[in-house]
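Thank you all for making the time this morning. I would like to walk through the side-chain packing in one model, and I will give the cut-offs as we go.

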Amino acid sequence: MAETILVTGGAGFIGSNFVHHWRGRRPGDRILVLDRLTYAADPSQIEGLEGVELVVGDIQDRELVRGLLERNRVRTLVHFAAESHVDNSITGPAAFIQTNVVGTFVLLDAARELWAGDPACRFLHVSTDEVYGSLGPEGKFHEAMAYAPNSPYSATKAGSDHLVRAYHHTYGLPTLTTNCSNNYGPRQHREKLIPLAISRMAAGQAVPVYGDGQNVRDWLFVEDHCAAILRVLEAGIPGETYCIGGDNEWKNLDLLHLLADLVDRHLGRTPGEGRKLLTFVKDRAGHDRRYAIDASKIRADLGWSPATSFQGGLERTVAWYLPGGGA
């Protein structure tokens, strides 16, 4: 049966990819996108999609949120909207507290008022593995780990995760939380590592490498993440958390070497040209050493696993951001 869903932050990176993913699999549904259109959003990424309506507004606007949920009889809310750039959270944490904590509270409270007693509703909160802090050389993040956020960004995401959990246990709100590893792919703002590196390499500009470049991240292609979120909505148990990762750990420096080689090849340049652009800079404050996700719960309980190889995903990503690509 066709329904209307609300996607917050649907003009951003993961949100816009999710809108495309949902549209392709449930073409009869109507998708409301609520987005403030900050610098990291791009409404052209969802422009012209049939059945998709963009509402420009703030998730902190309680009357707007409540009106959208009530008038459109929304029973599925997927919450991507967040300030997410760690460097920005260090220099200006206030915006992160307002959007990530207060904004999530407003959404939860509006849903609580309107969904009382309806177990078929779903509030899915998209979070990050950064709430768990930093790993040593061994081990992986999993759903039962204690939170230990190390940046203002991750602290605000941890706070919003706790609010989601509290609204389920206190009010019975049918919530779901996903904590994902680093995403990459089309439609990402160029402030983030992979698109920034591709753009600078293509332009022959210096590519910053924080610290010694040995920080490790677990990379997940954004389309695989979207498929996981849809699967959690379909079969996840309310109140549960699901960690989503690509089982794909790379040191930042090794990743940048691979990207440089791909960009050189795509542009027909002499091999090694891109690597010469890597420039080591002072490490940023609170830079976690290693992230890695144990996604065994979502694999075993919901049957999800990533479908995109890292090489294939990076090839598609590089092609997207280079001149003549989709960016």
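Predicted model: local features only at pLDDT ≥ 70, side-chain atom pairs only at ≥ 80, totals over all residues.

Let me begin with the cysteines: the structure holds zero disulfides, where a disulfide is a pair of cysteine sulfur atoms within 2.5 Å. Residues are numbered from 1 along each chain as its sequence is written, and side-chain values use heavy atoms, with hydrogens and water left out.

How far is the sulfur of cysteine 226 from the closest cysteine sulfur? That closest sulfur belongs to cysteine 180 and lies 9.9 Å away, which is too far for a bond. Cysteine 226 is also buried, at 0% relative accessibility, and cysteine 121 is buried with a relative accessible area of 1%; here buried means under 20% relative accessible area, exposed over 50%, and partly exposed in between, with a 1.4 Å probe and protein chains only.

Helices (H or I, at least four residues) and strands (E, at least two) are DSSP runs, numbered from the N terminus. The axes of α1 and helix α7, residues 222–235, come within 9 Å and cross at roughly 65 degrees, with axes being lines fitted to C-alpha atoms, for helices over the stretch in contact, and angles running from 0 to 180 degrees between N-to-C directions. The crossing is right-handed, in the sense that the near helix is turned clockwise from the far one by less than a right angle, anticlockwise being left-handed.

Rings of Phe, Tyr and Trp (its six-membered ring) pair if their centres lie within 6.5 Å, and planes under 30 degrees apart count as stacked, over 60 as edge-to-face and the rest as tilted. Phenylalanine 18 and phenylalanine 80 make a tilted pair, 5.4 Å centre to centre with 50 degrees between the planes. Because phenylalanine 18 lies in helix α1 (residues 13–25) and phenylalanine 80 in the loop between β4 (76–79) and α3 (86–91), this pair ties together parts that are 62 residues apart in sequence. Phenylalanine 18 is buried at a relative accessible area of 0%, and phenylalanine 80 counts as buried at 10%.

A second tilted pair joins tyrosine 184 and phenylalanine 221, with centres 5.3 Å apart and planes at 55 degrees. Tyrosine 184 is in strand β7 (residues 182–184) and phenylalanine 221 in strand β9 (residues 216–221), so the parts tied together are 37 residues apart in sequence.

Two arginines deserve a mention: the charged end of arginine 26 sits over the ring of tryptophan 22, 4.6 Å from its centre, and that of arginine 217 sits over the ring of tyrosine 291 at 3.8 Å. The criterion is that NZ of Lys or CZ of Arg is within 6 Å of the ring centre and within 35 degrees of the ring normal.
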